[in-house]
Amino acid sequence: MSLGFCGAVVPLWATQAAAPPASCAVITHGATHDSAHGVTYEDVNVRTPDGTSGLTAGKMTFSGTTADAAHDQADAASLLLMSAITGHHNAACSDWLEQQGKAASATLKAGGTYDITWNNAVLTHGSGRVMSSTAHFKVEGSTSAHTSAATLALSGLSFQNISNEALLPSSADAAFSLPASELPSLMSAIGGKSATAPAVHVTISSFDAARDTVHLKGNGTATLTGNVAATSAGGHLEISNLEALIEKARTAKQMKLAAGLVLARLVSHAQNDANVWNATWEGGVLTVNGFPLPIH
């Protein structure tokens with residue numbers, strides 16, 4: 001299961017009055033509460049046709065469009081959240097999501113705003129499970145700027161049957177901007193044919209992830225494709241309590257990672273209580289101050 005945070009969770013919205021093809025996903029809801037600008041669902045359930053991946057949420061709130069369009073938008077948002085976190089790609093979803101992305105791009109260029117919250121979400125892929133007490137995404141369009149400003153926050157994260165669970169964050173949030181015109185291809189890539197998606201250029205003003213006493217912060221730029229392995233990023237990275245992270249890696253028997261973090265510590269700059277680097281991510285390799293970390 002992939003937690004490619006930046007390359008996966010950016011575009012969680014869509015517009016277009018058409019349900020996803022049955023060969024893409026099966027989506028059901030419990031009680032439905034419509035409003036003038038959105039919809040609230042109890043008990044959302046999304047699953048792939050083969051049942052290998054899925055999303056359930058106790059409650060989902062979607063706002064930012066007319067009541068008539070909100071149902072399809074909300075379904076597309078949940079489908080993209082599932083695909084982003086599980087790393088599941090289904091070519092049958094590609095065309096539908098690209099159509100949704102074109103309408104979303106137009107809405108953002110006209111100054112629209114989308115606000116989406118999932119409560120008590122559980123994402124599954126095979127036997128692996130990722131749980132989040134709250135996932136919140138908001139994106140604000142502009143009639144004058146070429147980019148849209150977005151925020152994403154995941155809280156109460158926990159994991160079951162996921163590799164290196166002890167190294168994954170219990171909370172994460174980010175603030176970033178991206179061109180609205182580049183959304184359709186990325187949305188198509190997240191749910192479908194990720195390898196062929198053009199790049200989407202994102203500026204990350206802040207990124208923050210934490211687990212226990214370990215705290216990671218960063219900012220910079222990223223080129224997203226919908227595929228974690230084909231995503232690249234670069235910028236400033238700092239980790240508070242690096243010693244605890246090294247110990248977590250050793251406990252998880254990730255000795256290459258532990259050794260890499262020890263060496264990275266030697267080339268880091270000290271700033272207050274944190275170790276600081278200039279970092280890049282490319283081809284699945286994290287490089288800090290010119291030193292590649294063996295994180296796999």
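The following legends describe close-up views of a predicted model.

**View 1. The second largest cavity and the elements that line it.** The count of cavities of 30 Å³ or more comes to two, and the second largest cavity, shown here, holds about 40 Å³ of space. Its lining consists of Leu81, Ile85, Ala121, Leu123, Val130, Ser132, Ala135, Leu154 and Leu157. Two or more residues of this lining come from each of α2 (67-86), β5 (113-125) and β6 (128-140), and β6 gives the largest share, with three residues. By residue class, the lining of the second largest cavity divides into eight nonpolar residues, one polar residue and no charged residue.

**View 2. Helix α3, its buried residues and what covers them.** Helix α3 comprises the 16 residues 94-109, which at 1.5 Å a residue should span 22 Å, and this agrees with the 22 Å that separates its end C-alpha atoms. Buried in α3 are Ser94, Trp96, Leu97, Gln100, Gly101, Ala103, Ala104, Ser105 and Leu108. In an α-helix there are 3.6 residues a turn, so residues three or four places apart point the same way. The cover over the buried residues of α3 includes α2, β5 and β6, together with β7 (147-155) and α4 (183-191). After α3 comes Gly111, which has a positive phi near 95 degrees.

**View 3. The enclosed helix α4.** Helix α4 is largely enclosed by the rest of the structure, because nine of its nine residues are buried. These buried residues of α4 are Leu183, Pro184, Ser185, Leu186, Met187, Ser188, Ala189, Ile190 and Gly191. Helix α4 is also among the elements that cover the buried residues of α3.

**View 4. Ser53 and its polar contact with His125.** Ser53 belongs to strand β4 (residues 53-63) and has a relative accessible area of 2%, which places it among buried residues, since buried means under 20%. The side chains of Ser53 and His125 are joined by a polar contact of 2.5 Å. When residues up to four places away in sequence are not counted, Ser53 touches Val46, Arg47, Thr48, Met82, Thr86, His88, Thr124 and His125.

**View 5. The loop residue Ser142, between β6 and β7.** Ser142 is placed in the loop that runs between β6 and β7, where its side chain reaches the backbone nitrogen of Ala145 at 2.9 Å. With neighbours within four places in sequence left aside, the residues in contact with Ser142 are Leu108, Lys109, Gly111 and Thr147.

**View 6. Ser148 in strand β7.** Ser148 is found in strand β7 and counts as buried, at 3% relative accessibility. Apart from neighbours within four places in sequence, Ser148 is in contact with Leu108, Val139, Glu140, Gly141, Phe176, Ser177, Leu178 and Ala180.

**View 7. Thr203 in strand β10.** Thr203 lies in strand β10 (residues 200-211), and with a relative accessible area of 43% it is partly exposed. Its contacts, leaving aside neighbours within four places in sequence, are Ala175, Phe176, Ser177, Gly220 and Thr221; Phe176 and Ser177 are also in contact with Ser148. Between Thr203 and Asn219 there are 16 residues of separation in sequence, and their C-alpha atoms are 8.1 Å apart in space.

View 8. Asn164, a residue other than glycine, has a positive phi near 55 degrees and lies in the loop between β8 (158-160) and β9 (171-179). Its relative accessibility of 28% means that Asn164 counts as partly exposed. Lys253, which is likewise not a glycine, has a positive phi of about 60 degrees and is located in the loop between α5 (242-251) and α6 (255-266). Lys253 counts as exposed, at 69% relative accessibility.

Terms used. Residues are numbered from 1 along each chain as its sequence is written. This is a predicted model: local features need pLDDT of at least 70, side-chain atom pairs count only at pLDDT 80 or more; totals for chains, interfaces and linings use all residues. Side-chain values use heavy atoms; hydrogens and water are left out. On a 1 Å grid over the protein atoms alone, a cavity is a set of points where a 1.4 Å probe fits but cannot get out, and a pocket is an open set with protein on both sides within 12 Å along at least five of seven lines; lining residues have an atom within 4 Å of a point. Grid points are joined across faces, edges and corners, and a volume is the space filled by probe spheres set on the points. Helices (H or I, at least four residues) and strands (E, at least two) are DSSP runs, numbered from the N terminus. Ala, Val, Leu, Ile, Met, Phe, Trp, Tyr, Cys and Pro count as nonpolar, Asp, Glu, Lys and Arg as charged, and the others, Gly among them, as polar. The expected span of a helix is 1.5 Å times one less than its number of residues. Buried means under 20% relative accessible area, exposed over 50%, partly exposed in between (1.4 Å probe, protein chains only). Contact means heavy atoms within 4.5 Å. A polar contact is a pair of N or O atoms within 3.5 Å; within protein, one must be able to donate a hydrogen and the other to accept it, and residues adjacent in sequence count only if both atoms are side-chain atoms.
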